[in-house]
Amino acid sequence: MDYDKKGGSVLVCVTDQRRCEKLIEFGHSRAMSTGCSLIVLSIQPAIKKAVGLGEAMENMFKISSRLSAQMYIYYNNDLQRTFKSFMNRHIIKEIIIGMSDSDNDSGFRSFLESNHGDLPLTVFEHSQSAEGKIQLKLAVVL
């Protein structure tokens, strides 16, 4: 079992998009208020491994480090299997995900509800203001 505080961890699932920074910051506040550690997880398609980390992913890694979060990046085309394996090695108490207005969710939220329905799940919608600022809007808390 990897490092987790006795109280477990808050897990923030991110993509390689810069807008996920706000999710990490929200996850940090949740972890602080619950006495949990913070884990940031990104599962990318295997093809992206050859390309390397993008600027957005590097920035999220820096934010995670600044907030004392562990960040894990996996390159695998089987998102669900990789996620299940990850969950078997950690004590997760809450999951936070985001999706944009245009995302059709790729089934990840349904997967979480089916396989980890016992855990609190917070879903945020990403949107962009007229000024170009990224905003989070609470969509669902399960």
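**Reading the helix contacts and burial of a predicted chain**

Mentor: Buried residues account for 42% of the 142 residues in this chain, and what we are looking at is a predicted model.

Trainee: What pattern does the chain follow along the sequence?

Mentor: Read in that direction, the order is β-α-β-α-α-β-α-β-α-β-β, and the chain has five helices and six strands. Among contacts between residues at least 6 apart in sequence, 72% join residues that are at least 24 apart.

Trainee: Why is H1 called roughly parallel to H3?

Mentor: The axes of H1, residues 21–34, and H3, residues 55–66, cross at roughly 15 degrees and come within 10 Å. Angles under 35 degrees count as roughly parallel, and H1 is therefore described as roughly parallel to H3. As for handedness, H1 passes H3 in a right-handed crossing.

Trainee: Which residues make the contact of H1 with H3, and how is that contact made up by class?

Mentor: From H1 come Glu21, Ile24 and Glu25, while H3 contributes Asn59, Met60, Ile63, Ser64 and Arg66. By class, this contact has three nonpolar, two polar and three charged residues.

Trainee: What makes Ile63 count as buried or exposed?

Mentor: Ile63, which belongs to helix H3, has a relative accessible area of 7%. Buried means under 20%, so Ile63, at 7%, is buried.

Trainee: Which residues does Ile63 touch, leaving aside those up to four places away in sequence?

Mentor: Ile63 touches Glu21 and Ile24 on that count. The C-alpha atoms of Ile63 and Ile24 are separated by 7.7 Å, although the two residues are 39 residues apart along the chain.

Trainee: Which residues make the contact of H4 with H5?

Mentor: Leu79, Gln80, Phe83 and Lys84 of H4 meet Phe108, Phe111, Leu112 and Asn115 of H5. Sorted by class, five nonpolar, two polar and one charged residues take part in the contact of H4 with H5.

Trainee: How do you know whether Ser68 counts as buried or exposed?

Mentor: Ser68 lies in the loop between H3 and strand E3, which spans 70–75. Its relative accessibility is 63%, and because exposed means over 50%, Ser68 counts as exposed. The phi angle of Ser68 is near 60 degrees, a positive value in a residue other than glycine.

Trainee: What does the relative accessibility of Pro120 make it count as?

Mentor: Pro120 is in the loop between H5 and strand E5, residues 121–128, and has a relative accessibility of 36%. Buried needs a value under 20% and exposed one over 50%, with partly exposed in between, so Pro120, at 36%, counts as partly exposed. Pro120 and Val10 are 110 residues apart in sequence, yet 9.8 Å apart in space, C-alpha to C-alpha.

Terms used. Residues are numbered from 1 along each chain as its sequence is written. This is a predicted model: local features need pLDDT of at least 70, side-chain atom pairs count only at pLDDT 80 or more; totals for chains, interfaces and linings use all residues. Side-chain values use heavy atoms; hydrogens and water are left out. Axes are lines fitted to C-alpha atoms, for helices over the stretch in contact, and angles run from 0 to 180 degrees between N-to-C directions. Helices (H or I, at least four residues) and strands (E, at least two) are DSSP runs, numbered from the N terminus. Angles under 35 degrees count as roughly parallel, over 145 as roughly antiparallel, 65 to 115 as roughly perpendicular and the rest as oblique. A crossing is left-handed if the near helix is turned anticlockwise from the far one by less than a right angle, and right-handed if clockwise. Contact means heavy atoms within 4.5 Å. Ala, Val, Leu, Ile, Met, Phe, Trp, Tyr, Cys and Pro count as nonpolar, Asp, Glu, Lys and Arg as charged, and the others, Gly among them, as polar. Buried means under 20% relative accessible area, exposed over 50%, partly exposed in between (1.4 Å probe, protein chains only).
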